Amino acid sequence: MKNDTYYMDMAIEEAKKAGQKGEVPIGCVIVAETGEVISAAHNLTISLSDPTAHAEILAIRKASKELNNYRLPGMSLYATIEPCIMCMGAIVHARFSRVVFGACDEKWGGAGSLYNLADDSRLNHSLDVIPSVCADACRTLMQDFFRLRRREQKARKKSALQQDT
Ligand SMILES: [Zn+2]
């Protein structure tokens, strides 16, 4: 059985694919109890013009289709960033057993930061959360992406100003 770092590295590779497409670099991998990787996906909200096209949602859709089952009990979901409240909702619906994530998301996190949908007695399913696996690598990917984007926006603004004069 491979460890959590092994699968998180795969999720990080997915996140990089998103970054290369100009998407916020978040990746996700879904793994069965046997250690078999069932699906992998990265954030595609801009490319698909779909606010729900988060890495986790896309990976859950693929896994469910692959297994021909709308529930995924026993599975672990690896995400480079703490799943948001939408994705945690889907994760609870799908009956995952574990969520493993990299960096926390203070703005949207649904697995402990802002809300904790993984362990809420009002919901009829709870699951284990393992935070901060390869957190630095996941966070750096995001920071580099936004730094580059800000620099590009600044350069664009500057060239637009120069054209005006
Ligand atoms: Zn999400």
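Met8, Ile12, Ala15, Lys16 and Gly19 in H1 meet, with heavy atoms within 4.5 Å, Ala137, Cys138, Leu141 and Phe145 in H4. By class this contact has 7 nonpolar, 1 polar and 1 charged residues, where Ala, Val, Leu, Ile, Met, Phe, Trp, Tyr, Cys and Pro count as nonpolar, Asp, Glu, Lys and Arg as charged, and the others, Gly among them, as polar. H1 covers residues 4–20 and H4 residues 135–164, and the two pack at an angle of about 5° with their axes 10 Å apart. H1 is therefore roughly parallel to H4; angles under 35 degrees count as roughly parallel, over 145 as roughly antiparallel, 65 to 115 as roughly perpendicular and the rest as oblique. Axes are lines fitted to C-alpha atoms, for helices over the stretch in contact, and angles run from 0 to 180 degrees between N-to-C directions. Helices (H or I, at least four residues) and strands (E, at least two) are DSSP runs, numbered from the N terminus.

The model is predicted: local features need pLDDT of at least 70, side-chain atom pairs count only at pLDDT 80 or more, and totals for chains, interfaces and linings use all residues. Residues are numbered from 1 along each chain as its sequence is written, and side-chain values use heavy atoms, with hydrogens and water left out.

Glu56, Ile57 and Ile60 of H2 and Met86, Cys87, Ala90 and Ile91 of H3 make the contact, which divides into 6 nonpolar, no polar and 1 charged residues.

His54, in the loop between strand S2 (37–42) and helix H2 (55–67), and Cys84, in the loop between strand S3 (76–81) and helix H3 (85–93), are 30 residues apart, and the pair links distant parts of the chain. His54 is partly exposed because its relative accessibility is 23%, whereas Cys84 is buried at 7%; buried means under 20% relative accessible area, exposed over 50%, partly exposed in between (1.4 Å probe, protein chains only).

Asp105 sits in the loop between strand S4 (98–103) and strand S5 (128–130). With 18% relative accessibility, Asp105 counts as buried. Leaving aside neighbours within four places in sequence, Asp105 is in contact with Ile81, Glu82 and Ser113.
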